[in-house]
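Hi,

Here is the structure I promised to pass on. Please open it first, then read the notes below.

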Amino acid sequence: MRIGVYPGTFDPVTLGHMDIIRRGAKLVDKLVIGVTTNPSKSPMFTLDERMAMVARETADIDGIDVVSFDSLLMDFAVRSNASVIVRGLRAVADFEYEYQMAGMNQQLNARIETVFLMADVSLQPIASRLVKEIALYGGAIHKFVPHAVEADVVKRVSELGLKGS
């Protein structure tokens with residue numbers, strides 16, 4: 001069984017993420033979506049909320065497993081029995097960062113390959129960070145996230161009392 005890992009913070013999960021998930025799932029028998037923490041990011045949603053969002057949005061895709069991790073990606077990939085790490089690329093800047101990470105990961109474990117999928121052209125500008133920023137200023141995000149995620153983000157912004165600040 002070929003197992004792939006698609007890691008990310010998914011804060012929130014976007015249409016770009018969903019594009020990579022759907023396409024990545026076709027490349028492997030099982031795609032483990034690893035929802036992680038990132039010390040350099042301030043998440044809008046808790047880890048449990050992000051996992052629930054991803055699980056809800058991927059419920060119709062066969063062969064998906066959503067789990068959390070807080071470790072080196074390569075250690076997580078080994079624990080998941082993965083032979084492939086799936087990464088999405090939006091632009092040249094993504095490639096430079098991802099190329100460096102793939103090289104470091106190969107040094108840690110050369111048995112696990114990194115596969116890059118180019119984001120659909122219409123989804124390339126989407127970034128979770130920008131989605132949150134747009135929402136925090138009261139902008140429309142329906143073009144960037146699934147409908148239910150839009151509702152989650154709008155609700156969270158309302159709870160934070162920041163809309164239009």
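**What was found**

Arg56 counts as partly exposed, at 38% relative accessibility. The model is predicted, so a word on confidence comes before the rest.

**Confidence**

The mean pLDDT of the protein is 92. Of its residues, 98% reach 70 or more. Confidence is highest in strand 3 (residues 64–69), at 98. It is lowest in helix 4 (residues 92–108), at a mean of 88. Where pLDDT is low, predicted coordinates should not be read in detail.

**Arg56 and its two partners**

Back to Arg56. This residue forms a salt bridge with Glu57, and the closest N and O atoms are 2.9 Å apart. Glu57 is buried, because its relative accessible area is 14% and the cut-off is under 20%. Arg56 also forms a salt bridge with Asp152. Here the closest N and O atoms are 2.7 Å apart. That pair links distant parts of the chain: Arg56 belongs to helix 2 (residues 47–57) and Asp152 to helix 6 (residues 147–160), 96 residues apart. Asp152 counts as partly exposed, at 22% relative accessibility.

**Other salt bridges**

How many salt bridges does the structure hold? There are 11. One of them joins Asp11 to Lys132, with the closest N and O atoms 2.8 Å apart. Asp11 sits in the loop between strand 1 (3–8) and helix 1 (15–25), and Lys132 sits in helix 5 (residues 128–136), so this pair ties together parts that are 121 residues apart in sequence. Asp11 and Lys132 are both buried. There is also a network of salt bridges, which links Glu49, Lys155, Arg156 and Glu159.

Now the pairings, one by one:

- Strand 2 (residues 30–36) and strand 3 pair in the parallel sense over six bridges. Leu31 has Ile64 in strand 3 as its bridge partner. From strand 2 the chain crosses through helix 2 to strand 3, and this β-α-β crossover is right-handed.
- Strand 1 and strand 4 run parallel and are joined by two bridges. Gly4 has Val84 in strand 4 as its bridge partner.
- Strand 4 and strand 5 (residues 113–118) run parallel and are joined by six bridges. Val86 stands opposite Val115 in strand 5. Strand 4, helix 4 and strand 5 make a right-handed β-α-β unit.

Is strand 4 mostly covered or mostly uncovered? Strand 4 (residues 84–89) is mostly covered, with five of its six residues buried.

**Helices on the sheet**

**A loop position**

Where is Asp62? Asp62 is in the loop between helix 2 and strand 3. Asp62 counts as exposed because its relative accessible area is 72%, and exposed means over 50%. The C-alpha atoms of Asp62 and Ala93 are separated by 32 Å. Along the chain, Asp62 and Ala93 are 31 residues apart.

**To recap**

Two points to keep in view. Arg56 forms salt bridges with Glu57 and with Asp152.

Best wishes

Technical notes:
Residues are numbered from 1 along each chain as its sequence is written. This is a predicted model: local features need pLDDT of at least 70, side-chain atom pairs count only at pLDDT 80 or more; totals for chains, interfaces and linings use all residues. Side-chain values use heavy atoms; hydrogens and water are left out. A salt bridge is a side-chain nitrogen of Lys or Arg within 4 Å of a carboxyl oxygen of Asp or Glu. Helices (H or I, at least four residues) and strands (E, at least two) are DSSP runs, numbered from the N terminus. Buried means under 20% relative accessible area, exposed over 50%, partly exposed in between (1.4 Å probe, protein chains only). pLDDT is the predictor's confidence in each residue, from 0 to 100. Two strands pair if DSSP finds at least two bridges between them. A crossover is right-handed if, with the strands pointing away from the viewer, the path from the first strand over the helix to the second runs clockwise.
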